[in-house]
Amino acid sequence: MERARLKLVGLTSPGRQGTHVWGSLDKLTLGPEPGALTVLLGPAGAGKSALIRALAGFSRLRGIIGLDGRNITRVPAWRRGFGVVMRPDTLIPHLTLAENVAFGLRMRKVARPARQAQVEEALHLV
């Protein structure tokens with residue numbers, strides 16, 4: 001499986017009168033190597049969830065989100081190809097953990113063998 005190249009440039013949380021609405025990102029620039037395990041650590045309000053929501057297309061930050069050399073900053077969530085599970089209480093309760101992880105792939109009509117392999121790989125990483 002080919003790994004995507006992600007590049008974030010100058011991501012900043014929109015603020016009002018000096019306060020940030022979704023965390024406190026201020027000109028975050030990041031370009032992890034494809035396939036690298038990247039971990040977000042920080043105190044409450046540091047902008048971790050804001051970054052994840054923006055990557056998935058659920059909210060907007062100022063700056064550029066690049067994926068494989070293409071600016072996806074304004075691409076709608078359903079066209080980005082990202083899947084996000086923010087907290088355990090947001091899982092679909094009648095599905096197993098593996099089925100929850102596979103849900104987005106299933107909705108994108110990824111074939112069962114490929115879907116199972118990707119789910120196994122993702123669960124192995126965590």
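A polar contact is a pair of N or O atoms within 3.5 Å; within protein, one must be able to donate a hydrogen and the other to accept it, and residues adjacent in sequence count only if both atoms are side-chain atoms. The model is predicted, with local features needing pLDDT of at least 70, side-chain atom pairs counting only at pLDDT 80 or more, and totals for chains, interfaces and linings using all residues. Residues are numbered from 1 along each chain as its sequence is written, and side-chain values use heavy atoms, with hydrogens and water left out.

**View 1. Arg-80 in the loop between β6 (70–71) and α2.** A polar atom of the Arg-80 side chain lies 2.8 Å from the backbone oxygen of Ile-72. Arg-80 counts as buried because its relative accessibility is 9%; buried means under 20% relative accessible area, exposed over 50%, and partly exposed in between (1.4 Å probe, protein chains only). Neighbours within four places in sequence aside, Arg-80 is in contact with residues including Ala-54, Leu-55, Ala-56, Gly-57, Ile-65 and Leu-67. Contact means heavy atoms within 4.5 Å. Between Arg-80 and Ala-56 the C-alpha to C-alpha distance is 7.0 Å, at a sequence separation of 24 residues.

**View 2. The open sheet of four strands, in the order β4-β1-β5-β6.** The pairing in this sheet is antiparallel. β4 (28–30) and β6 are the edge strands, each pairing on one side only. Two bridges join strand β5 (residues 62–67) to β6 in the antiparallel sense, and Leu-67 has Arg-70 of β6 as its bridge partner. Two strands pair if DSSP finds at least two bridges between them. Helices (H or I, at least four residues) and strands (E, at least two) are DSSP runs, numbered from the N terminus.

**View 3. Helix α1 (residues 48–56) packed on the sheet.** α1 touches β1 (6–12), β4 and β5, and its direction makes about 125° with that of β1. Axes are lines fitted to C-alpha atoms, for helices over the stretch in contact, and angles run from 0 to 180 degrees between N-to-C directions. The buried residues of α1 are Ala-50, Leu-51, Ala-54, Leu-55 and Ala-56; their cover includes β1, β4 and β5. An α-helix has 3.6 residues a turn, so residues three or four places apart point the same way. Gly-57 follows α1 and has a positive phi, near 90°.

**View 4. Helix α2 (residues 97–107) and its buried residues, Asn-100, Ala-102 and Leu-105.** These buried residues of α2 pack against α3 (112–125). Asn-100 counts as buried because its relative accessibility is 10%. Not counting residues up to four places away in sequence, Asn-100 touches Leu-91, Ile-92 and Leu-95. After α2 comes Lys-109, with a positive phi near 65°.

**View 5. The protein chain, with three helices and six strands.** From the N terminus on, its elements run β-β-β-β-α-β-β-α-α. Of the 126 residues in the protein chain, 23% are buried. Among contacts with a separation of 6 or more, 46% are between residues 24 or more positions apart. The accessible surface comes to about 9,100 Å², and 57% of this belongs to carbon and sulfur atoms. Accessible areas come from the Shrake-Rupley method with a 1.4 Å probe; for residues, only the protein chains shown count as cover.
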